[in-house]
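I opened my notebook beside the model and looked up a few things. My entries are below.

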Amino acid sequence: MREKILSVLEDYDKDNIHIGTIGSHSALNIFKGAKEEGFSTVCICREREKKVYENFGVVDKFVIISDYAELLEEEIQDNLRQLNTILIPHGSFNAYIGKFDSLLLPMFGNRELMIWETDRDKQREWLERSGVRMPKKFSSPEEIKGLAIVKYPGAKGGKGYFIVSSPDEFYEISEEMVKKGLIREKDVKNAEIQEYILGANIYFSFFYSPVYGRIELIAVDRRYESTADALGKVPAKEQIRVNINPTYTVVGNFPVVLRESLLVQAFEAAESIVEVSKEIAYPGMVGAFCIESIFDENATMYVFEISARIVAGTNVGIPTSPYSYILFGENMYMGRRIAREIRLAIEKDMLAELIY
Ligand code: AMP
Ligand code: AMP
């Protein structure tokens, strides 16, 4: 598969590369970065979203589809190959496509790691092997002790997570969700149940650069979630009276600057996660990745998730974050960092090392 993709790349006119992505998630970030690094851009989107990307003036060409999965259709792929397109994957690629076996287009990063990221068991294996501290996993609802967070298969972006503190409560809420048609009976058995870590959420967006051979911290954010971030507005006695449970649907992000002495925990985690990535999916991490963590009351870091691609939280870092500014001495954000790596790789004849 990789050989086929590399032969597509070989035929590309390297002076006329288009940076392409699906119009959603962090596309504005990716397109703006590509333009700032001198590339043309192509946006694959639905007619409805086209106006957003037109409005911001960061797209040179549009490929209109009615469903994101159409990206896999031969005609669309051919169209993109004609434009010498390098695709930049983001959260919508995972959420709406998921399988890349038939995608014969150069895609920035390591596709295999994107598959590891979408599978909860594989993700846990990766993180456990890295030796990072993680929330405990309860292997059955009967084991629930203290606060636990329940994640059903397919729950995306925090939607549909809930908190319980006993096995009875787990079954009670699950039953309610089955009745409401939110989950299926068989999902109840496959729920991922984790120890709930009470603390501050911090999402670290790193970049592993094959060109420079180093890990870079590009941006840090936290999420703005509905309804978890609204609960403080309702008095506790009303929360109990109407039985409000928090939900975690992400609607936005805030930038974060960390207490500096905590950065070392994040860098240590990033180093070991990158090391293990080489063992599980050669040659390991390429480009953007995000370590999603919670710092508890002792400022101890727990890693609860990893993304092996750009995350939307990096949108808070446009045109720069304090960290990327310190490192580069110029405006730098994830979309631009990706395009910079591609540009440097073209100059050094290393492009094939960015595409796995
Ligand atoms: P979307 O294209 O907006 O539907 O998002 C695709 C995937 O990325 C979904 O799983 C979303 O939950 C996730 N996502 C989108 N935007 C954000 C954001 N600002 N912060 C965190 N996750 C996001
Ligand atoms: P996710 O979509 O997995 O990134 O997570 C969505 C929300 O669930 C975030 O606010 C997380 O902080 C929260 N969350 C996920 N796992 C845990 C956990 N083990 N302890 C506390 N909060 C969690």
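**Entry 1: the whole protein**

I was working from a predicted model, not an experimental one. I started with the secondary structure. The protein has 13 helices and 13 strands. Next I checked how compact the protein is. Its radius of gyration is 21 Å, and the globule rule gives 21 Å for 356 residues, so the protein is as compact as a globular protein of that length. Along the principal axes, the C-alpha atoms fill roughly 65 × 45 × 40 Å.

How much of the protein is buried? I found that 51% of the 356 residues count as buried. Residues 24 or more positions apart account for 63% of them.

**Entry 2: H2 against H13**

I picked helix H2, residues 27–36, and helix H13, residues 334–347. Their axes come within 7 Å and cross at roughly 45 degrees. The crossing is right-handed.

Which residues meet here? From H2 I noted Asn-29, Ile-30, Gly-33, Ala-34 and Glu-36. From H13 I noted Met-334, Gly-335, Arg-336 and Ala-339. By class, this contact of H2 with H13 has four nonpolar, three polar and two charged residues.

**Entry 3: H7 against H11**

I took a second pair, helix H7 (residues 120–130) and helix H11 (residues 263–280). Their axes lie 8 Å apart, and the packing angle is about 120 degrees. That makes H7 oblique to H11. I noted a right-handed crossing for H7 and H11.

I listed the residues on each side. H7 brings Trp-126, Leu-127, Arg-129 and Ser-130. H11 brings Ser-272, Ile-273, Val-276, Ser-277, Glu-279 and Ile-280. The residues of the contact of H7 with H11 divide into five nonpolar, three polar and two charged.

**Entry 4: cis peptide bonds**

I went through the backbone next. Tyr-282 and Pro-283 are joined by a cis peptide bond, with omega at about 0 degrees. Where is Pro-283? I found Pro-283 in the loop between H11 and strand S12, residues 287–295.

I also logged the bond from Ile-318 to Pro-319. This bond is cis, with omega near 5 degrees. Pro-319 lies in the loop between strand S13 (301–307) and helix H12 (322–328).

**Entry 5: positive phi**

Most residues other than glycine have a negative phi. I looked up two residues against that background. Phi of His-25 is near 60 degrees, a positive value. His-25 sits in the loop between strand S1 (18–22) and H2. Is His-25 buried or partly exposed? At 29% relative accessibility, His-25 counts as partly exposed.

Asn-84 was my other residue. Its phi is positive too, at about 55 degrees, although Asn-84 is not a glycine. I placed Asn-84 in the loop between helix H4 (74–82) and strand S4 (85–87). Buried means under 20% relative accessible area. Asn-84 has 11%, so Asn-84 is buried.

Definitions and conventions:
Residues are numbered from 1 along each chain as its sequence is written. Chains are lettered from A and ligands numbered from 1 in the order in which they are written. This is a predicted model: local features need pLDDT of at least 70, side-chain atom pairs count only at pLDDT 80 or more; totals for chains, interfaces and linings use all residues. Side-chain values use heavy atoms; hydrogens and water are left out. Axes are lines fitted to C-alpha atoms, for helices over the stretch in contact, and angles run from 0 to 180 degrees between N-to-C directions. Helices (H or I, at least four residues) and strands (E, at least two) are DSSP runs, numbered from the N terminus. A crossing is left-handed if the near helix is turned anticlockwise from the far one by less than a right angle, and right-handed if clockwise. Contact means heavy atoms within 4.5 Å. Ala, Val, Leu, Ile, Met, Phe, Trp, Tyr, Cys and Pro count as nonpolar, Asp, Glu, Lys and Arg as charged, and the others, Gly among them, as polar. The radius of gyration is taken over C-alpha atoms; the globule rule is 2.2 Å times the number of residues to the power 0.38. Buried means under 20% relative accessible area, exposed over 50%, partly exposed in between (1.4 Å probe, protein chains only). Angles under 35 degrees count as roughly parallel, over 145 as roughly antiparallel, 65 to 115 as roughly perpendicular and the rest as oblique.
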